[in-house]
Each structure stands twice: as C-alpha cells, then as structure tokens.
Amino acid sequence: GNHTFLAEFFLSGLSSHPELQRLMFFTFCLVYTMTVIGNLLICMVTVHPTLHMPMYFFLRVLSFLDISTASTVVPKMLVSFLSEDRSISYMGCVTQLYCVVFLATTEWYLLAAMAYDRYVAICNPLRYTVIMNTRICLSLVLLSCCSGNVVSVVQTAWVFMLPFCGPRMINYFFCDIPPLILLSCTDTSLYEKQIITATVLVIFTPFCLILVSYACIISSILKISSADSRYKTFSTCSSHLIVVTLYCASGTLIYLHPKSSNSQDTKKVLALIYTTVIPTLNPLIYSLRNKEVREVLIRTM
C-alpha cells in the first residue's frame, strides 16, 4: 500500500555548488559542440569514394552512436546547470535509461567488430575484401544493434519493475541503473546479481574477443621486418585499444558494484567518460590520426 506511482524524478546533477554551475554549463556546452561537429565531420568524410573500406564504414556507425549517446545525456544536463527545475518525468527517465544502455551496449559490440576487422586486415590482408564484404559488415552492425536492444529492454524492464516508495532524488546527472536501484524500497540483492551477470556477459565477452584479436595482431606485427611498417600498423591499432580500455574500465567500475552508495561521486566521473569524454575523443584518436582521413577532410573543407 506504500508503493505509489511516481510521476517524476529529480536529478541532483554533477555538482551542488551554485558558483560552479555556469562554468560547467559553458565547459560541457563546448564539449558537446565539439562532439557533434567532430563526429558529423567523420560521418561526412567517410562516405568519400576513396574511403570505401569496412574500417571507415564502422567508423561512420561509431560516430553516429557517439552523437546519439551525447545527445541523450548532455542537453538535459546543460539545462540543469541554468535551471532550478531538475525534474525528469517517469517516462522520460525510462526512455533515457533505455537509450543510454542500448547505445553503450551497441557501441561496445561494435568495438569488438572493429577489432575483428583489424585482425582480418592485418593477419589476412590478401583475403580482406573477400572476408569483410558488405554483407558481413552490415550483419555485424545489425548484430550489435540487436544485442544492444535485447540488453536494454531487459535491464530497463527489470529496473522499473522495482517499487519506488522512497525519495525521488536521483543522485546522478541522468537516469542510470545504479542510482535508480538505490531508490527502491525492496530487497534488490537478486537484481544486483543479475546486473553483475549482465556486466560480465556484455563487457567481458566482447573484451575477451578483442584481446584474442589483438594477440593475433601483435603476433603478426612482430613478424614484420620493416620497423616503419611495424610502427604504422601498431599506431593504427593503439587508438582502438585506448578507447576499449577506457570503455571497459569505466563500465566495469560502475556496474560491478551497482548499489555502492559511497562511490556515487566516483561513478558520476566514470559515467562522464563513456557519455561525454569518449564521444569527444573518438574523432581525434580514431580518424584525425589517419592520414587518408585527414587528406579527404582537408579537400572537403
């Protein structure tokens, strides 16, 4: 009888210090602008005829996912910096959680597909165009999206089946699983185990595939006689490893201990990494370090 339907939640935001709100607004507004412009440039540049390779197709999809992730979280966060009204409707919270989990899971599986693409390109260069044909590339992207949708539907349904009868203040800057289950007034131990299981399946399974791919890649790189060729090949792969490491570390630390209330501020920083920082860095460490992309971008501009 104490379980009432909540019409809305309230987001605490990143900081409770009023003097920092405007500074944070301009900082994250700049970051969001850079994210959108940088990833839009990659989307436009990679359709150039000279860049019709699977790697650039995956980069285009990755840029679209990065724009979508940032757009799901950052605009609402920007509004909260300048407004005292930090409410979010119940359905708005459901939608935001679904989108965040869907986009994060899809991007994680896409990174695994990109690692496989790099493995084929380096370890089987003569058969690269045969193995990574258009049908395979589309299938890998579709499989990533389907996996993201299944995980997101299940996780969102599980969270909002919990009874929320306590305070409506979410100690976060967007609707996410760890802060939401802290608002539940029932025993969530079973659900916490389910989150840990999902984290292992969603993060560590692709991560293991990525590690296997790069173990084979490094083995092939070491066999290259030319030092310049080794450096160029390793440089191409190192950018992918940087993103994978950031993604894996932040996701693992957030979701392996979902109900650890003492680390909510730490989780906010980690959540900023995969919702704001990584989408901003991806165009820089993936594409603008690539000579072919830089040349096409300069000609296009």
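Rings of Phe, Tyr and Trp (its six-membered ring) are taken as a pair if their centres lie within 6.5 Å, and planes under 30 degrees apart count as stacked, over 60 as edge-to-face and the rest as tilted. On that basis the structure holds 15 aromatic pairs. In one of them, the rings of Phe25 and Phe26, the centres are 5.3 Å apart and the planes stand at 75°, so the pair is edge-to-face. Ring pairs also link Phe9, Tyr90, Phe160 and Phe164 into a cluster.

This is a predicted model, in which local features need pLDDT of at least 70 and side-chain atom pairs count only at pLDDT 80 or more, while totals for chains, interfaces and linings use all residues. Residues are numbered from 1 along each chain as its sequence is written, and side-chain values use heavy atoms, with hydrogens and water left out.

For accessibility, buried means under 20% relative accessible area, exposed over 50%, and partly exposed in between (1.4 Å probe, protein chains only). The table sets out four residues by this scheme.

| Residue | Relative accessibility | Class |
|---|---|---|
| Phe25 | 18% | buried |
| Phe26 | 56% | exposed |
| Trp158 | 34% | partly exposed |
| Val120 | 1% | buried |

Trp158 is placed in helix α5, where helices are DSSP runs (H or I, at least four residues) numbered from the N terminus. Together with Val150, Val154 and Leu190, Trp158 forms a nonpolar patch on the surface, with about 370 Å² of accessible area for the four together. Such patches are made of residues with over 30% relative accessible area and no salt bridge, nonpolar side chains (Val, Leu, Ile, Met, Phe, Trp, Tyr) being joined within 5 Å; a salt bridge is a side-chain nitrogen of Lys or Arg within 4 Å of a carboxyl oxygen of Asp or Glu, and areas come from the Shrake-Rupley method with a 1.4 Å probe. Helix α5 (residues 134-160) gives the most to the patch, with three residues.

An unreviewed UniProt entry annotates "transmembrane region" over several spans, among them residues 57-75 and 136-161, although such annotations may be inferred rather than shown by experiment. Residues 57-75 are 100% helix and 0% strand, with end C-alpha atoms 27 Å apart, and residues 136-161 are 96% helix and 0% strand, with end C-alpha atoms 37 Å apart.

Val120 lies in helix α3 (residues 90-123). Leaving aside residues up to four places away in sequence, Val120 touches Pro125, Tyr128, Ile131 and Met132, contact meaning heavy atoms within 4.5 Å. The C-alpha atoms of Val120 and Glu19, which are 101 residues apart along the chain, are separated by 52 Å.

Technical notes:
Patches are made of residues with over 30% relative accessible area and no salt bridge: like charges are joined within 9 Å, nonpolar side chains (Val, Leu, Ile, Met, Phe, Trp, Tyr) within 5 Å. Helices (H or I, at least four residues) and strands (E, at least two) are DSSP runs, numbered from the N terminus.
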